[in-house]
Structures are given as C-alpha cells and as structure tokens.
Amino acid sequence: MRKRFYIVILATIALCFSACDTSERDFEKAKGEGTAKAYDSFITNYPKSDLIGDARDSIVAIYQRVEDLHVVFNDAYGIVDYEAASRVRNNMEGRVETLYSRASEENSIEGWNAFIEAVPDDYQKDAQERLLDLQWQNESFAWQNATEKDIAFYYEKYLEQHPRGKHARQAERRLVDLEVDAVFAGEHGTLPSMDKGYSTGTSYSVIEVENRTQYELTVNYSGPDSKRIIIPAGGRRKVNIGNGYYRVAASVGHGVSPFAGTETLDGSYFSSSFYISTIRIR
C-alpha cells in the first residue's frame, strides 16, 4: 500500500509539471504571435494561470499601440492613408467587442477593470456604469463612497442597495442632518417651539405631532438622535427621541415654504400641531 501511495503522489506531481509546462509554452507562443487574439485564447484556456496578469498587460499594450496608430492616421492629414486608418479602426472595434463580451459574461469587478484599462475611453461603452453597479453591491465600498461624497444622493444609493446594512441607521440619520442643513440654508419660516408638558424622567423625550394640513407632513430632528417623522394629512404621531439640542425642519412641499427652528429636549412630553395659515409660492 505504501508503494502505491508514493506512485500516486509522483504521478500527481508529474501531471502538475506537465500542465505548468504546457501553459508556459502556450504563453510563449502567444508572445510570439503578439496579437490580442492569441492572448485572449491563452486567458480562456488557462483562467487560473499565474501568467494571466502578464497576458492582460500585453493586451493593454497592444490596444495602446493600435490607438496610437489611429491618432497618427487621423492627424496626418497631408499623407493620411484612409484605407489603413479604416482597417486599424475596424480591427480595434472588433477586439473591443471580444473583450466586452468576455467582461459581460464574467461580470466581475476584476473583469470590468481589465476591460477599462485595456480599451480607449471612446470605446468603453457602459463599462464604467456596470463596474460601479458591482462595486455598490459591496457594502464596505458603498458606505465608504457615501461617506466620502457626503451628499444625500449617495446615502440614498447606499440604502437602496443595502436597506438592512450595518450602516443603514447611520445613513438615515445623515440624510436627516443634510435635509435640515438645506432647509436652514435656504428661505424658510421660523418654527414655533413645541408645547412642553410633564417630565418623563427618562433619557428620551416623548413628542406628539398633529398634522392639520391637507398634505403629508415631514418633520426632521437633527441632533444626538436624528430622526424623521412623517405624518399623513389629518393624522397624528407619537415618537420617542433622545434628549439633547436639536435643529428642526418641517415641510409639506406643494409650494409651501418650509419652517425651521431649534428645540432642547430634556426628558419631557412635547406636543405640536401644524396647520397652514398662509401659502407662499417659492
């Protein structure tokens, strides 16, 4: 049994050396041909080879040379060879289609990055958008991108892709803060203070909001426990919000100017009622 075991081991090692030798030979053959098609075939035949990176780099270099020729042909108007320029352009477009099809089938971040690196800007089609869509599916990338850009669009995109993500609550709070910032920075009315009632003796305050308008009302509290309250027309809602200093913005849209003000929540019951007395069209 031991003798047979060693024979199997030796056979496996021999097989590995044989496969490695074959891939290296075929890579040298592709180098000898020096064409994108040859390197494409190598990548297809040996997807796990250590030489994949070299093959892709070689394709990039070929595309760059083709693009240089393309520029020369189109800039040298005095001696331009239109037939040669057309051949170069058609050849490049054919190669772009080949790489685009492969990137589409693979549909990975690595594949689209390789395509974008290899193909001139004018021929990249929707590669950038498809790459970004894949990247946004990665929660770490999505959150980092949202926080770096720090505008509402990117936090909304994060929540769209990761509604139950570990940063979802942070994204929702930041959206409230940004919306309140926008209201304070623009034209707005002064929001009266809420009516303060009994003390709850807790680390949070109870807020009851009545919407006596004919529109849906949104009230944003920006502070230690940033929160958005949405009340339907004619409705009422009660929520708990952590104590502290808050900037508050209320809006109903429909051409009605928003209102903004400040509140200090101290562990009490607060109530407010919203109604429209005059309408200012912005």
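User: Contact means heavy atoms within 4.5 Å of each other. With that settled, which residues does Trp-136 touch, not counting residues up to four places away in sequence?

Analyst: Leaving those neighbours out, Trp-136 touches Phe-141, Ala-142, Asn-145, Ala-146, Tyr-154, Lys-157, Tyr-158, Gln-161 and His-162. Please note that this is a predicted model, in which local features need pLDDT of at least 70 and side-chain atom pairs count only at pLDDT 80 or more, while totals for chains, interfaces and linings use all residues. Residues are numbered from 1 along each chain as its sequence is written, and side-chain values use heavy atoms, with hydrogens and water left out.

User: Where is Trp-136 found, and is it buried or exposed?

Analyst: Trp-136 is found in helix α6. Helices (H or I, at least four residues) and strands (E, at least two) are DSSP runs, numbered from the N terminus. Trp-136 is buried, at a relative accessible area of 1%. Buried means under 20% relative accessible area, exposed over 50%, and partly exposed in between, with a 1.4 Å probe and protein chains only.

User: What separates the C-alpha atoms of Trp-136 and Ala-146?

Analyst: Their C-alpha atoms are 9.9 Å apart, and the two residues are 10 residues apart along the chain.

User: Is the crossing of α5 and α6 left-handed or right-handed?

Analyst: The crossing is left-handed. That term applies if the near helix is turned anticlockwise from the far one by less than a right angle, and right-handed applies if clockwise.

User: Which residues in α5 and α6 meet?

Analyst: From α5, Ile-109, Trp-112, Asn-113, Phe-115 and Ile-116 meet Ala-127, Gln-128, Arg-130, Leu-131, Leu-134 and Gln-135 of α6. Glu-110 also lies in helix α5 and is exposed, with a relative accessible area of 53%.

User: Changing topic: how many salt bridges does the structure hold?

Analyst: There are 11 salt bridges, where a salt bridge is a side-chain nitrogen of Lys or Arg within 4 Å of a carboxyl oxygen of Asp or Glu. One of them joins the side chains of Lys-125 and Glu-97, at 2.4 Å from N to O. Lys-125 lies in the loop between α5 (109–118) and α6 (127–136) and Glu-97 in helix α4 (residues 82–106), so the pair ties together parts that are 28 residues apart in sequence.

User: How exposed are Lys-125 and Glu-97?

Analyst: Lys-125 is partly exposed at 46%, and Glu-97 is partly exposed at 38%. Lys-125 also has a positive phi of about 55 degrees although it is not a glycine.

User: What about His-254 and its phi?

Analyst: His-254 has a positive phi of about 55 degrees and is not a glycine. His-254 sits in the loop between β7 (244–251) and β8 (259–265) and is exposed, at 56% relative accessibility.

User: Which residue forms a salt bridge with Arg-169?

Analyst: Asp-225 does, with the closest N and O atoms 3.2 Å apart. Asp-225 lies in the loop between β4 (217–222) and β5 (227–231) and Arg-169 in helix α9 (residues 168–185), so the pair ties together parts that are 56 residues apart in sequence. Asp-225 also forms a salt bridge with Lys-227, at 3.8 Å between the closest N and O atoms. Lys-227 is partly exposed, with a relative accessible area of 21%. Elsewhere, salt bridges with shared partners join Asp-150, Arg-174 and Asp-177 into one network.

User: Finally, how many helices and strands does the chain have?

Analyst: The chain has nine helices and nine strands. Of its 282 residues, 39% count as buried. Among contacts between residues at least 6 apart in sequence, 56% join residues at least 24 apart.
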